[in-house]
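Here is a short report on helix packing and the nonpolar core. The structure comes first, then the reading.

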Amino acid sequence: MGLAWGVLIVSGCLETLWATALEASKNFSRLWPSLLFLVALAASMAGLSYAVSQIPLGTAYAVWVGIGAVGTALYGMAVLGDAATVARLLCLLLIVGGVVGLKLLH
């Protein structure tokens, strides 16, 4: 798969982490979620920066956002009580399909 792709996947997962920590920080009024947000954000951006040195920017960014969006949506459904309808899950599968397609076409 390559190191850049592995770093990109981890960075996308870190995007999910910082997004969920942002929500948990309650507008930065809670210390530990706020710190987790900052650390995860910095690590996610650093990983994306590394990945774009070897993967085209558009592909890397779309994959990074796709992983983060799907992960955050699934977290919302599993933990925060967001609706997990068939339609929403199918839409998330479409995003996953797009991410996989971008990897295969790279």
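In H2, the buried residues are Pro33, Ser34, Phe37, Ala40, Ser44, Gly47, Leu48 and Ala51. Seen down the axis of H2, these buried residues fall within an arc of 160°, so they line one face of the helix. The model is a predicted one. An α-helix has 3.6 residues a turn, so residues three or four places apart point the same way.

The buried residues of H2 pack against H1 and H3. The face turned away from the buried side of H2 carries the exposed residues Leu31 and Val39. The length of H2 also checks out: at 1.5 Å a residue, its 21 residues should span 30 Å, and its end C-alpha atoms are 30 Å apart, which agrees.

Now the core. The largest nonpolar core has 15 residues, and Leu8, Ile55 and Val63 touch the most other members. Helices H1 (3-24), H2 (31-51) and H3 (57-79) each give two or more residues to this core. H1 provides the largest share, five residues.

Met77 lies in helix H3. Is Met77 buried or exposed? Its relative accessibility is 13%, so Met77 counts as buried, the cut-off being under 20%. Arg88 sits eleven residues from Met77 along the chain, and their C-alpha atoms are separated by 10.0 Å.

Key:
Residues numbered from 1 in each chain as written. Predicted model: local features only at pLDDT ≥ 70, side-chain atom pairs only at ≥ 80, totals over all residues. Heavy atoms only, no water. Core = buried A, V, L, I, M, F, W, Y, C linked by side-chain atoms within 4.5 Å. Buried < 20%, exposed > 50% of the residue type's maximum accessible area, 1.4 Å probe, protein only. Helix = DSSP H or I, 4+ residues; strand = E, 2+ residues; numbered from the N terminus. Expected span 1.5 Å × (residues − 1). Arc of directions from axis to C-beta. Contact = heavy atoms within 4.5 Å.
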